[in-house]
Amino acid sequence: MVTQPALTVRIEPMTLDDLERVHAIERASFFPTWPDDAYRTELTSNKLATYVVARLEDVVIGFAGIWLMVDEAHVTTFAVDPAWRRRGVGERLLLALLDVSVARRAREATLEVRLSNVAARRLYEKYGFRPVGLRPRYYSDNGEDALIMTTEPLESPQMRERVARLRADLEARTLP
């Protein structure tokens, strides 16, 4: 029996060369999608923005982004290729966003998520996000409300312990 090496997902800064795959994942994940030039503008012009990709070998299988505004990290986008969901890729992306947030001295992280997106909500809750409000009719495609979720302070002992424990659990798993 030949054992296969574990696949390694790398989290790296998003580049302009990644945009074709990012758009493909976005189209498979959201409607409506961001305008075609939005990511290019974010990468080249928005000093508040940080975008990362999850790369398996040379293929982008997920992406995420945040804006750091004063002391708040706001998750702007987050998606994993449907073929790679529920394998820890989203967790790796979320950890990378939290790491950037802490490094840039954000006090907390916040995001909006569709009320109907139970899988995403569970992931965010696992990592310490809690519901704090609603944005009525936030999504233009169907008028669905967005749930606003925010972490406790990122530097609090509880949050640091949670992230460290979840990171260790994730690192102990191999990507199937």
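A: A nonpolar core is a set of buried Ala, Val, Leu, Ile, Met, Phe, Trp, Tyr and Cys residues joined through side-chain atoms within 4.5 Å. Please keep in mind that this is a predicted model.

Q: How many residues are in the largest nonpolar core, and which touch the most other members?

A: The largest nonpolar core has 35 residues. Phe 78, Val 89, Leu 93, Leu 94, Leu 98, Tyr 124 and Phe 129 touch the most other members.

Q: Which elements give two or more residues to this core?

A: Among the strands, the contributors are strand 2 (49-56), strand 3 (59-69), strand 4, strand 5 and strand 7. Helix 3, helix 4 and helix 5 (157-172) also give two or more residues each.

Q: And where does the largest share come from?

A: Helix 3 provides the largest share of this core, with six residues.

Q: Let us turn to the pocket. How much space lies in the largest pocket?

A: The largest pocket holds about 1,300 Å³ of space. Its lining consists of 45 residues.

Q: Which of them lie nearest its centre?

A: Those are Phe 30, Phe 78, Asn 117, Ala 120 and Tyr 124. Phe 78 and Tyr 124 also belong to the largest nonpolar core, among the residues that touch the most other members.

Q: What is the lining of the largest pocket like by class?

A: It has 23 nonpolar residues, ten polar residues and twelve charged residues.

Q: Which elements supply at least two residues of the lining?

A: They are helix 1 (19-29), strand 4 (72-80), helix 3 (89-103), strand 5 (108-114) and helix 4 (118-126). Strand 4 gives the largest share of the lining, namely seven residues.

Q: How do strand 4 and strand 5 run, parallel or antiparallel?

A: Strand 4 and strand 5 run parallel and are joined by three bridges. Glu 72, for example, has Glu 108 of strand 5 as its bridge partner. Together with helix 3, the two strands make a right-handed β-α-β unit.

Q: Is strand 5 mostly covered or uncovered?

A: Strand 5 is mostly covered, as seven of its seven residues are buried. This holds for both faces: Glu 108, Thr 110, Glu 112 and Arg 114 are buried on one side, and Ala 109, Leu 111 and Val 113 are buried on the other.

Q: What about strand 7; why is it said to be largely enclosed?

A: Strand 7 is largely enclosed by the rest of the structure because six of its six residues are buried. Ala 146, Ile 148 and Thr 150 point one way from the strand, while Leu 147, Met 149 and Thr 151 point the other way.

Q: How many bridges join strand 5 to strand 7?

A: Five bridges join strand 5 to strand 7 (residues 146-151), and the two run antiparallel. Thr 110 has Thr 150 of strand 7 as its bridge partner, and Glu 112 stands opposite Ile 148.

Q: And how does strand 6 pair with strand 7?

A: Strand 6 (residues 129-135) pairs with strand 7 in the antiparallel sense over six bridges. Phe 129 stands opposite Thr 151 in strand 7.

Q: Now the backbone. What is the peptide bond from Phe 31 to Pro 32, cis or trans?

A: That bond is cis, with omega near -5°. Most peptide bonds are trans.

Q: Where is Pro 32 found?

A: Pro 32 is in the loop between helix 1 and helix 2 (38-45). Its relative accessible area is 38%, so Pro 32 is partly exposed. The C-alpha atoms of Pro 32 and Asn 142 are 9.9 Å apart in space, and the two residues are 110 apart in sequence.

Q: Which way does phi go at Glu 57, positive or negative?

A: Glu 57 has a positive phi of about 55°, although it is not a glycine. Most residues other than glycine have a negative phi. Glu 57 lies in the loop between strand 2 and strand 3 and counts as exposed at 57% relative accessibility.

Q: And what is phi at Val 70?

A: Val 70 has a positive phi of about 55° and is not a glycine. Val 70 lies in the loop between strand 3 and strand 4. With a relative accessible area of 83%, Val 70 is exposed.

Conventions. Residues numbered from 1 in each chain as written. Predicted model: local features only at pLDDT ≥ 70, side-chain atom pairs only at ≥ 80, totals over all residues. Heavy atoms only, no water. 1 Å grid on protein atoms, 1.4 Å probe; cavity = no way out; pocket = protein on both sides within 12 Å on 5 of 7 lines; lining within 4 Å. Points joined across faces, edges and corners; volume = space filled by probe spheres on them. Helix = DSSP H or I, 4+ residues; strand = E, 2+ residues; numbered from the N terminus. Nonpolar A, V, L, I, M, F, W, Y, C, P; charged D, E, K, R; others polar. Buried < 20%, exposed > 50% of the residue type's maximum accessible area, 1.4 Å probe, protein only. Pairing = 2+ DSSP bridges. Right-handed = clockwise from strand over helix to strand, strands pointing away.
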